[in-house]
Amino acid sequence: MESLLKLHKTAIPGTGGTIVSLIRWSMEEQNRDIKIECRSSWMGVEGLPLNLWNIKFMGKIGELCGGLLDVEKDTAEKTFLHHLRLKLGGDEDGFVPKSIRLHYQGSELFLKLFKLNDWGYRFNGFFNTIWHQDSEFYKNEKSKGYPYPDLRSMTPELSALLDAFEQSACNPEVSNVLAKSLLRILQLSTEKTIASCKSLNAAARVLKVACLQAQESKRFQSIGSSVEGNAIDVVSSYTQQMPNEQAIGQCWFKCLDISMELFTAIFSAADDARSLILHSSACIDCLFDLFWEERLRNNVLKYILELLKIVPASEEDQTAKLQLCSKYLEMFTQIKEREKSFEELSIDLLVGMRDILLTDPVYYQALFRDGECFLHVVSLLNGNLDKVGGEKLVLNVFQTLTCLLASNDASKAAFRALAGTGYQALQSLLLDFCQWHPSEGLLNALLDMVVDGKFDLKAGAIIKNEDVIILYLSVLRKSSESLQQHGLDVFQQLLRDSISNRASCVRAGMLNFLLDWFPQESSDSVIGGHSISGKDIRKIFALLRSEKLVSQQKYCSLLLSTVSSMLHEKGPTAFFDFNGNDSNHAPSSGINVTEGTNYGRGDMWIRPRVGHSRVH
């Protein structure tokens with residue numbers, strides 16, 4: 001032994017000059033200069049603080065290990081935080097040291113290197129970092145159905161990550177790293193991770209952090225805006241700091257985006273996850289707070305609408321949906337208060353309502369009605385509206401009202417109770433808006449509302465909402481002369497071949513309105529031919545005696561023609577047999593009639609049958 005130690009170094013013949021060193025064994029010598037085989041291999045590096053995970057320090061590690069060849073995607077994006085994953089070249093003999101030391105701000109960093117399992121790394125980075133001798137264990141665990149053994153029980157780890165995520169809400173760099181880590185874990189094992197997320201109330205906690213990040217991003221955005229608006233008055237030293245302020249603002253935006261991406265993953269993972277969010281008042285409040293963040297608004301609106309589409313399975317679900325519906329409708333008032341150009345945003349909410357109503361009209365009409373939808377929707381017509389944006393908003397309001405009222409007597413009664421018979425309150429708001437001539441689009445929207453859907457004369461349109469008739473005529477009266485002519489012609493065609501439509505117009509008081517509007521069009525004859533009251537007849541003769549019409553012969557002729565056409569009407573084409581069995585008409589006194597002659601009394605026509613000279 002001693003003689004061998006004295007040799008110290010010796011060359012081995014036939015090996016190309018390989019030199020062997022012989023020293024006495026000790027623990028210190030055993031642990032000195034240990035190397036790991038590395039020939040352009042992927043290596044793991046432990047011990048580098050997160051704030052130094054950048055290309056500069058990764059390059060320093062590469063300098064000590066034969067060169068940095070590549071950085072694994074998860075390491076670059078900081079979504080896997082246990083260790084760095086680097087592809088290193090190795091020295092000329094194909095080795096790297098087991099440990100290296102780096103210096104940073106007077107401190108010494110001790111980094112440990114180990115070789116990653118190349119066999120498991122083929123799967124695009126979705127693998128567990130294991131030692132070569134563990135590969136059989138890895139295969140056994142994978143065969144049991146656990147492709148990622150360390151994710152089998154994650155609640156404690158997720159709890160720790162969520163705690164750290166909340167605590168670092170005001171540190172965008174750390175918060176961003178933690179959010180990416182949580183998102184990656186959820187992607188690797190969705191089913192087990194979502195179960196832990198539900199037990200830890202992860203959705204609400206993530207949204208609360210997102211709300212804080214939104215506030216911070218707005219703060220830096222406002223700083224930038226104030227400097228741009230007062231550039232002359234800003235001192236040069238402050239201006240020099242602006243690039244840094246803008247960088248921080250961008251960092252907050254990225255952080256907010258990844259937090260919302262994490263929430264999206266939780267939201268989309270399972271139906272019961274959405275149900276838990278629906279029942280969480282904290283989640284709902286945060287979503288409506290984030291709605292005001294412009295860059296998130298479209299996505300947040302989608303989440304809210306998806307929650308509204310959840311089919312209720314219990315009374316608790318229904319209560320939660322009604323509360324969500326009420327907050328949604330309250331947004332209309334808040335939008336008008338907070339946004340200068342509120343029309344487009346209001347239209348987005350109205351379109352969302354119509355999309356929901358299409359899924360189950362009767363159910364959602366009742367839900368929105370219980371949430372006092374009519375009050376909130378009609379309130380959009382209050383105030384000053386510009387001509388272009390205002391008209392587009394008005395059209396959307398009436399399209400939404402049509403969907404809310406269509407084929408639903410309960411909803412129509414509720415709206416009538418709010419707006420009055422003939423929707424008088426709505427008339428007032430709409431006529432205030434119509435200071436300029438209404439468009440054909442607005443008149444078409446009102447015609448759709450009249451028939452509870454798409455107005456189509458060729459399909460035999462039937463009036464289903466009588467309260468809209470006078471509203472339509474009131475707007476038509478404010479229209480241009482050409483539109484008035486067209487609108488009256490359309491209505492005349494609607495009435496010409498339908499007794500039902502004529503009866504609806506009589507009940508709505510259309511003839512009285514037209515007589516007040518006269519002289520304009522001769523549509524009076526169509527209504528009068530169906531039914532006319534003594535009050536309307538007196539109004540016709542009063543018009544004939546008025547000085548204004550006496551001087552205009554054509555108008556007098558028009559009224560006389562109307563009266564003449566009524567005299568030639570044969571009465572209704574449908575008859576009913578009042579035989580006294582569950583049907584009768586009991587006038588206060590007898591009616592003397594002549595056989596074969598039609599008589600009008602009140603709101604009905606009477607024709608006596610052969611052999612009857614008196615009707616009781």
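Visitor: Which residues in α19 meet which residues in α22?

Guide: Contact means heavy atoms within 4.5 Å. Val394, Leu395, Phe398, Leu401, Thr402 and Leu405 in α19 meet Gly441, Leu442, Ala445, Leu446, Asp448 and Met449 in α22. These contact residues divide into nine nonpolar, two polar and one charged. For that division, Ala, Val, Leu, Ile, Met, Phe, Trp, Tyr, Cys and Pro count as nonpolar, Asp, Glu, Lys and Arg as charged, and the others, Gly among them, as polar.

Visitor: What should I know before reading on?

Guide: This is a predicted model, in which local features need pLDDT of at least 70 and side-chain atom pairs count only at pLDDT 80 or more, while totals for chains, interfaces and linings use all residues. Residues are numbered from 1 along each chain as its sequence is written, and side-chain values use heavy atoms, leaving out hydrogens and water.

Visitor: How many helices and strands does the protein chain have?

Guide: Helices (H or I, at least four residues) and strands (E, at least two) are DSSP runs, numbered from the N terminus. The protein chain has 30 helices and 13 strands.

Visitor: At what angle do the axes of α19 and α22 cross?

Guide: Axes are lines fitted to C-alpha atoms, for helices over the stretch in contact, and angles run from 0 to 180 degrees between N-to-C directions. Angles under 35 degrees count as roughly parallel, over 145 as roughly antiparallel, 65 to 115 as roughly perpendicular and the rest as oblique. The axes of α19 and α22 cross at roughly 5 degrees and come within 9 Å, so the two helices are roughly parallel to each other.

Visitor: How do α22 and α24 cross?

Guide: Helix α22 (residues 440–450) and helix α24 (residues 481–496) have axes that come within 11 Å and cross at roughly 20 degrees. They are therefore roughly parallel to each other. Glu440, Leu443 and Leu447 in α22 meet Leu483, His486, Val490 and Phe491 in α24. That contact holds five nonpolar residues, one polar and one charged.

Visitor: At what angle do α23 and α24 pack?

Guide: Helix α23 (residues 467–477) packs with α24 at an angle of about 155 degrees, their axes 9 Å apart. The pair is therefore roughly antiparallel. On the α23 side the contact is made by Ile469, Tyr472, Leu473, Leu476 and Arg477, and on the α24 side by Leu483, Gln484, Gly487, Leu488 and Phe491. Here the division is seven nonpolar, two polar and one charged.

Visitor: Which residues in α24 are buried?

Guide: Buried means under 20% relative accessible area, exposed over 50%, partly exposed in between (1.4 Å probe, protein chains only). In α24, the buried residues are Leu483, Gln484, Gly487, Leu488, Val490, Phe491, Gln492, Leu494 and Leu495. Across the 616 residues of the protein chain, 44% count as buried.

Visitor: Why is helix α26 described as largely enclosed by the rest of the structure?

Guide: Helix α26 (residues 510–517) is largely enclosed because six of its eight residues are buried. Those residues are Met510, Leu511, Phe513, Leu514, Leu515 and Trp517.

Visitor: Let's turn to the loops. Where does Ser407 lie?

Guide: Ser407 lies in the loop between α19 (387–405) and α20 (409–419). Although not a glycine, Ser407 has a positive phi of about 55 degrees. At 59% relative accessibility, Ser407 counts as exposed.

Visitor: And in which loop is Ser40 found?

Guide: Ser40 is found between β3 (35–37) and β4 (41–46). Ser40 has a positive phi of about 55 degrees, and is not a glycine. With a relative accessible area of 41%, Ser40 is partly exposed.
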